[in-house]
Amino acid sequence: CRQLAQMNIKKLIMFDSAESPLHNVRLEFEKNYPGLDFVPVIGDVRVKERLRMVFETYQPQIIFHAAAYKHVPLMEENPCEAVLANVVGSRPVADLAVEYGAEKMIMVSTDKAVNPTNVMGCSKRICEIYVQSLAKKLQAEGGRFTQFITTRFGNVLGSNGSVIPRFRDQISKGGPVTVTHPDITRFFMTIPEACRLVMEAVTMSTGNQIFVFDMGESVKIAHLARRMISLAGFEPEKDIRIEYTGLSPGEKLYEEVLSNKENTLLTTHDRIRIAKVLEYDYGEACGVAEELETLSRKVEIPDMIRLMKRTVPEFKSKNSRFEVYDK
């Protein structure tokens, strides 16, 4: 939103379920962008009529859909909530974008949707499937249609729940700094960098594409911890020790940016590529979304997980109670 505020846009509607953060953003924007016409709206993507009010009132042209539950271990423990937020919450946004003739909807996805090993990653892959199948249906029908764009990238430094603030907090308390595994690696980019690439993907898209961002080299989390301890003026393992806690449920050692069944197409941007993915029929995607909504609302976890694994056969649970459904 900070980047959009500097782009001479006509109106910015911020739709969020988190009251205090939205209040803080409002105060910041009133101070920093007094000329911007912006509207903060408290709402939840899972409440379709509330969403409809926003579409009806403001007729948005471009929609950035970032609402999601994203913490892997927490979602492994609360899988129905992952499905309700990520799958059930994405569907009305996409459907209303089409109904109200929005030009583009950008869905922020994750590298964890590639060969998912956890419920969170699989739920995001199912969002991608729904949005892509809807876009394919619209293209087949012809005429003017909403363009759907999906962006996949890895961990964003400084975002909510990011490892950097946690390490900083642990160091300030004298340690220990906790890392799940000595060999675990992750891809990282900064918030402005991620937002800029999302904006660039939007401008270059012709619709119905999954854009994959080049995240650079993966980083060993243990090295990051040591570096932060050193930068704080301490000696790792002597002044502040690193403690290995074991992999969290659903967590994998190395993250991929593209799955084995996919390859990519080059774009004019050296850090953005287009993923080629398996395509799904819209009727099938609708059926899965509806059944997942029913199962998640009833908290029927085993049947819900089985359906997710049937829909996304590359979803293989790691270090999780759901591994039994892979056998």
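How many bridges join β3 to β4, and do these strands run parallel or antiparallel? Four bridges join the two strands, and they run parallel. The views below belong to a predicted model, in which local features need pLDDT of at least 70, side-chain atom pairs count only at pLDDT 80 or more, and totals for chains, interfaces and linings use all residues. Residues are numbered from 1 along each chain as its sequence is written, and side-chain values use heavy atoms, with hydrogens and water left out.

View 1. Helices (H or I, at least four residues) and strands (E, at least two) are DSSP runs, numbered from the N terminus. Two strands pair if DSSP finds at least two bridges between them. Strand β3 (residues 62-65) has a covered face, formed by I63 and H65, and an uncovered face, formed by I62 and F64.

**View 2. Helix α7 and its surroundings.** Helix α7 (residues 119-141) has 23 residues and reaches 33 Å from its first C-alpha to its last, close to the 33 Å expected. The expected span is 1.5 Å times one less than the number of residues. Buried means under 20% relative accessible area, exposed means over 50%, and partly exposed lies in between (1.4 Å probe, protein chains only). Because 18 of the 23 residues of α7 are buried, the helix is largely enclosed by the rest of the structure. Just after α7, G142 takes a positive phi of about 80°.

**View 3. The largest nonpolar core.** A nonpolar core is a set of buried Ala, Val, Leu, Ile, Met, Phe, Trp, Tyr and Cys residues joined through side-chain atoms within 4.5 Å. The largest one has 48 residues, of which M105, Y130, F148, L292, M304 and M308 touch the most other members. Among the elements that each supply at least two residues are α3 (48-58), β4 (104-108), α7 and α11 (282-297). The largest share, eleven residues, comes from α7. A second, separate core of 17 residues includes V156, M189, A201 and M215.

**View 4. Helix α12 against its neighbours.** In α12, the buried residues are I301, M304, I305, L307, M308, K309 and T311. These buried residues pack against α5, α7 and α11, where contact means heavy atoms within 4.5 Å.

View 5. On a 1 Å grid over the protein atoms alone, a cavity is a set of points where a 1.4 Å probe fits but cannot get out, and lining residues have an atom within 4 Å of a point. Grid points are joined across faces, edges and corners, and a volume is the space filled by probe spheres set on the points. By this rule there are three cavities of 30 Å³ or more. The largest share, three residues, comes from α7.

**View 6. T150 and F211 in their strands.** T150 is placed in strand β5 (residues 147-152), and F211 is found in strand β10 (residues 209-213). T150 counts as buried because its relative accessibility is 1%; F211 is also buried, with a relative accessible area of 1%. Leaving out residues up to four places away in sequence, T150 touches M107, S109, E128, V131, Q209, I210 and F211. With the same exclusion, residues touched by F211 include I149, A201, M204, T267 and I274. F211 and R152 are 59 residues apart in sequence and 6.1 Å apart in space, C-alpha to C-alpha.

View 7. Most residues other than glycine have a negative phi, and most peptide bonds are trans. N115, in the loop between β4 and α7, has a positive phi near 40°. N208, in the loop between α9 (191-204) and β10, has a positive phi of about 55°. N115 is buried at a relative accessible area of 16%, and N208 is buried at 14%. A cis peptide bond, with omega of about 0°, joins G175 and P176. P176 is placed in the loop between α8 (163-172) and β7 (177-179).

Key: On a 1 Å grid over the protein atoms alone, a cavity is a set of points where a 1.4 Å probe fits but cannot get out, and a pocket is an open set with protein on both sides within 12 Å along at least five of seven lines; lining residues have an atom within 4 Å of a point.
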